[in-house]
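Q: I'd like a close look at one part of this model. Could you walk me through it?

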Amino acid sequence: MRKFFQEIKADLKFKTAGPGQKLSEPSRAPKEKPKAEVAPKPRQAPTDEAQRAAAAALARLELKPKGKAASSSQEAIKNQVRKELMAEAAASEKELSVEEKEQQEEGAAAPSVSGVYFICPLTGDVVRKDQKEEHLREAIQAYFSVDPVAASIMEIHTFNKDREKVRVCVETMAKYLDNIYLHPEEEKYRKIKLQNKVFQERISCLEGTHKFFQAVGFETKTLPVPDQETTEEYYVLKEEMLSRLEELKDRKEQLLSSEPVRAQLHRQLAVFQPSPAAARFELPHDFFNLTAEELRREQRLRTEAVEKASMLRTRAMREKEEQREMRKYNYTLLRVRFPDGYILQGTFYARESVSMLYNFVREALRDDWLPFELLGPGGLKLTDENLAFNECGLVPSALLSLAWDAAVMADVEAAAAEEQRSPLRPELLARAQTLS
C-alpha cells in the first residue's frame with residue numbers, strides 16, 4: 001500500500017508541475033533505466049502543510065482494510081488525496097493574498113489627521129470623539145466629591161438631551177425652591193410628594209434631579225397621608241436649611257443659569273513645510289456624519305454625477321440638494337498656505353463661521369496685527385466672515401491661501417526680505433512637519 005501511495009504522489013507531482021516545467025507521463029516500469037536522463041528543472045519543495053496533509057492521507061490509507069474492496073476504490077482514494085492537496089494549495093494562496101492586502105494597506109496614504117479630538121472642560125484631557133461622552137460622565141461623577149450640587153446640575157443639563165424637557169424641569173424645580181425661600185414658615189412648601197403627577201412627569205424622569213434635591217438639603221421620608229391610613233414618600237427639607245435660605249436661593253439661580261457641559265473641539269493645530277501635496281487630504285471616518293456603509297453608497301452615487309449634472313433641475317431642487325450635502329459633514333479639515341509656502345492646519349466644525357478661521361490664523365502669526373485675506377479654492381475671497389464653512393463649500397476639507405492686505409504688502413515683503421523670517425510664530429515653526 002505504501003508503494004501504491006508513493007506512485008500516487010508521483011502522479012500528482014506530474015500533474016501539478018510548476019511554471020516552465022514539461023509534463024511527462026509517470027513511469028510504471030522503473031526497472032529499466034532510461035538511456036538518457038534529462039535533469040528536471042528546479043521547483044519549490046512542498047510546504048510543511050502539504051507534507052503534513054500527505055502524511056495524514058497516508059496514515060488514513062494504511063488504516064483502511066486491505067483486499068478487493070480497497071483495490072476497487074483506488075480512484076476514489078486518489079481523488080481524495082488530490083482534493084486535500086489542492087485545498088492546502090488554496091489555503092496557501094489565500095494566506096498570500098492576505099499578506100498582499102496588508103502590504104497594500106501599509107503602503108496606503110496615511111490619514112491627514114488620526115481622528116477628531118475634544119478637550120474635556122473639567123479635566124483638560126484630550127479624548128477621541130467616540131470616548132467623549134463616557135469621559136464627560138466620569139468627570140462629572142468625580143466632581144460630586146468636590147461640589148455635589150454643581151455636579152447634579154451638570155448632569156441635569158448635560159445628559160438629558162431634550163432641551164424643552166430640561167427647561168420645564170428646571171423651572172419647576174426652581175419654583176419649589178422659590179416657594180421655600182419666600183414662605184419659610186409654611187411647612188407644606190418644605191415637602192414634595194414623590195408620587196405627585198407634576199413631579200413624576202416633569203422632574204423625576206430626568207437624570208440628575210434626585211441627586212440635586214438630596215444635595216441642596218432634602219431627605220426622603222415616609223409620611224402618613226392626611227385622613228387616610230396609607231403613607232407616601234416625600235422629599236422633606238432638613239431643618240438646618242431654614243437658616244441657610246440665601247444659599248438655597250443661590251442654588252436656584254445656579255440651576256436656572258447653567259448650561260450643558262460641552263467638550264471643546266481640539267483644533268489639532270499643525271504646521272507643515274512647503275509641499276506640493278498640500279491639496280491632498282485623507283480623512284478618517286470621524287469627519288463624516290455617515291456610517292461606513294453609507295459612505296460606500298455615497299461613493300457609488302458620485303460616479304453618476306456626470307449623468308445627474310445633465311438633468312434639468314430647478315433652483316429649489318439644487319438648493320435642497322446642497323442643503324442635504326451640507327448635513328453629511330460634522331467637521332472639516334482646513335489648511336491655509338502662506339506666501340512662503342508654509343501650511344497651517346486645523347480642525348473645525350462644519351457649521352462654524354469663517355470668522356473662527358480668521359481668528360485661528362491670527363493667533364498663529366508672529367505679528368497678529370497684520371491685515372490679511374483668505375482665498376478659497378479658485379481664488380475666491382472669503383469676505384463674509386459670518387458664513388459657515390459648509391455654506392462656502394469648505395467641507396469636509398479645503399486648501400486656502402493667505403494674501404496680505406495690498407496696503408501693507410510692500411512693507412511686509414520688505415520686512416521679510418530684510419529679516420528672512422516667516423510670519424508664523426517661532427514655536428510653531430520649530431515643530432513644523434513634513435506633509436506626506
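Q: What covers the buried residues of H6?

A: A quick note on ground rules. This is a predicted model, where local features need pLDDT of at least 70, side-chain atom pairs count only at pLDDT 80 or more, and totals for chains, interfaces and linings use all residues. Residues are numbered from 1 along each chain as its sequence is written, and side-chain values use heavy atoms, with hydrogens and water left out.

The cover over the buried residues of H6 includes helices H5 (132–143), H7 (163–182), H9 (209–215) and H10 (245–257), with contact meaning heavy atoms within 4.5 Å. Helices here are DSSP runs (H or I, at least four residues), numbered from the N terminus. H6 itself spans residues 148–159, 12 residues in total, and reaches 16 Å from first C-alpha to last, close to the 16 Å expected at 1.5 Å a residue; that expected span is 1.5 Å times one less than the number of residues.

Since 11 of the 12 residues of H6 are buried, H6 is largely enclosed by the rest of the structure. Buried means under 20% relative accessible area (1.4 Å probe, protein chains only). Among the buried ones are Val149, Ile153, Met154, Glu155, His157 and Phe159.

One of the covering helices, H7, also meets H8 (residues 197–204): their axes come within 8 Å and cross at roughly 130 degrees. Axes are lines fitted to C-alpha atoms over the stretch in contact, with angles from 0 to 180 degrees between N-to-C directions. That makes H7 oblique to H8, oblique being whatever is left after under 35 degrees (roughly parallel), over 145 (roughly antiparallel) and 65 to 115 (roughly perpendicular). Val168, Cys169, Thr172, Met173 and Tyr176 of H7 make the contact with Val198, Phe199, Arg202 and Ile203 of H8.

Terms used:
Helix = DSSP H or I, 4+ residues; strand = E, 2+ residues; numbered from the N terminus. Buried < 20%, exposed > 50% of the residue type's maximum accessible area, 1.4 Å probe, protein only.
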